[in-house]
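Welcome to this short tour of a protein model. Please have a look at the sequence and structure below, and then we can walk through a few of the details together.

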Amino acid sequence: MTVSEPTVPVSIAELFTIGIGPSSSHTVGPMRAARRFAALAAADQLPVRVRCTLHGSLALTGRGHATDTAVLLGLAGWEPETIDPDAVPAIVAGIRESGRLPLDGATEIAFDEARDLVLDPSFLADHPNGMVFEAVFADGDRLTRRYASIGGGAIVEAGAPARQTNVSLRHDFASAAELLALGKDRSLTIAEIVRANEEAWRPAAETDALLDRVHQAMSACIDRGLTQDGVLPGGLGVRRRARALHDRLNARGGPIEPADVFEWVSLWALAVNEENAAGGRVVTAPTNGAAGVIPAVLRYYTTFVPGADAAGVRRFLYTAAAIGLLYKKRASISAAEMGCQGEVGVACSMAAAGLAAVLGASNMQVENAAEIGMEHNLGLTCDPVGGLVQIPCIERNTMGAVKAINAAYLALRGDGAHIVSLDAVIETMRQTGVDMQSRYKETSQGGLAVNVVEC
Ligand code: SF4
């Protein structure tokens, strides 16, 4: 099993996926793995039993990140892209109360959660987010598969043949330096490079439409989050704040003051991450824990930047995607490997680049914005209190969004020349992630997670 697949071209369709909260690596990824295993196990004869063992970070923060319910849903044939988040509690309650699970959405088998869903805090050697699925058949045969959730909802199966590698990109790049050189040699913006590359998977108009759906889903998530109230699930007692803040900002009336802008941006990030914490519909961008940064900065663009339009939104997302792909290729976006620098830090870097692009930045300024966005998130640990994607995650997205806007304007005020390159900062993030103790990498065994007393 590989931790990531650096030589395999990655489409932006894998970077921006529409799923459910609260976590891409701990909810969406395990749900996909369980769904895939269920289809395999039920393909010929029906097993008499299936069992899932969650290892490492998935076990340590699995309950708070809803990994257990995600596995139940996946085994029952549900997919994160299409399931109705509002239907989840009833589906899960049905399985738990009956002790029966419709494997792959079809025939029911007995499922004793205490016996068949095991949380084992030991780490598998190949990845901190490991899962082992086993099916037992009536004749005693067994089927076993091992998966890793490698970040952003992506999964890798141990021992599976390598994914298709004959995808030929029109403007292939493996580093920010190569990306800049391509842009210079071929007189292309970063957005144009990514859009052309995506034609390896689908016509350009379809990719535009995909990004339009991504933007719609992000906007819908903000708007829903602004209308919800109450206490978030999980037992920490965290109250939703977005609705009350929205009401207060609206009640002020009159023109928006400069200082209000940051409150609006923070509000939009809060709205998304409260929806995520509640298990709502969100876009991984590039992960669920960091899902609020890019939507909040995009809403800043569409609300406060004169001339903002749909083409600009796409340009923002194509540019942000180029940066996200670099992090996926050269490091990781998994908090279990990189800490929060790999989640909120990467989202900040992507959003800074996207905003810079639509504000008229050159490719060098875009690269500079992305670099600034990460440079000041280096070392950011992942220490969610109670294993829930709430504290510090929700507020952290507001900080990521504000920082991204600042990074974009800082870069725009320069000429693109700068000392620390994006490649250097990505490598620094990778090395810092490797050196970071495991307790700060999505295990809830260090940091705020052990210094905040749960009520
Ligand atoms: S601290 Fe950061 S990386 Fe960790 S769960 Fe929260 S948002 Fe994700």
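Does Phe-304 count as buried, partly exposed or exposed? At 23% relative accessibility, Phe-304 counts as partly exposed; buried means under 20% relative accessible area, exposed over 50%, and partly exposed in between, with a 1.4 Å probe and protein chains only.

## About the model

This is a predicted model, in which local features need pLDDT of at least 70 and side-chain atom pairs count only at pLDDT 80 or more, while totals for chains, interfaces and linings use all residues. Residues are numbered from 1 along each chain as its sequence is written, and side-chain values use heavy atoms, with hydrogens and water left out.

## Aromatic pairs

The model has five aromatic pairs. Rings of Phe, Tyr and Trp (its six-membered ring) pair if their centres lie within 6.5 Å; planes under 30 degrees apart count as stacked, over 60 as edge-to-face and the rest as tilted. One of the pairs is Phe-133 with Tyr-147, which is edge-to-face at 5.7 Å centre to centre, with 75° between the planes. This pair links distant parts of the chain, with Phe-133 in strand E6 (residues 130-136) and Tyr-147 in strand E7 (residues 142-151), 14 residues apart. Helices (H or I, at least four residues) and strands (E, at least two) are DSSP runs, numbered from the N terminus. Phe-133 is buried, at a relative accessible area of 0%, and Tyr-147 is buried, also at 0%.

Tyr-300 and Phe-304 make a tilted pair, 5.7 Å centre to centre with 50° between the planes. Both lie in helix H12 (residues 293-304), four residues apart, about one turn of the helix. Tyr-300 counts as buried at 9% relative accessibility. Together with Trp-264 and Trp-268, Tyr-300 and Phe-304 form one aromatic cluster.

## Charges over rings

The charged end of Arg-299 sits over the ring of Trp-268, 5.9 Å from its centre. Elsewhere, Lys-329 lies over the face of Phe-173, at 4.4 Å from the ring centre. The rule asks for NZ of Lys or CZ of Arg within 6 Å of the ring centre and within 35 degrees of the ring normal.

## Around the ligand

Which residues are around the ligand? They are Gly-289, Ala-335, Cys-340, Glu-343, Cys-382, Asp-383, Cys-393 and Arg-396, each with a heavy atom within 4 Å of the ligand. This shell divides into four nonpolar, one polar and three charged residues. Here Ala, Val, Leu, Ile, Met, Phe, Trp, Tyr, Cys and Pro count as nonpolar, Asp, Glu, Lys and Arg as charged, and the others, Gly among them, as polar.
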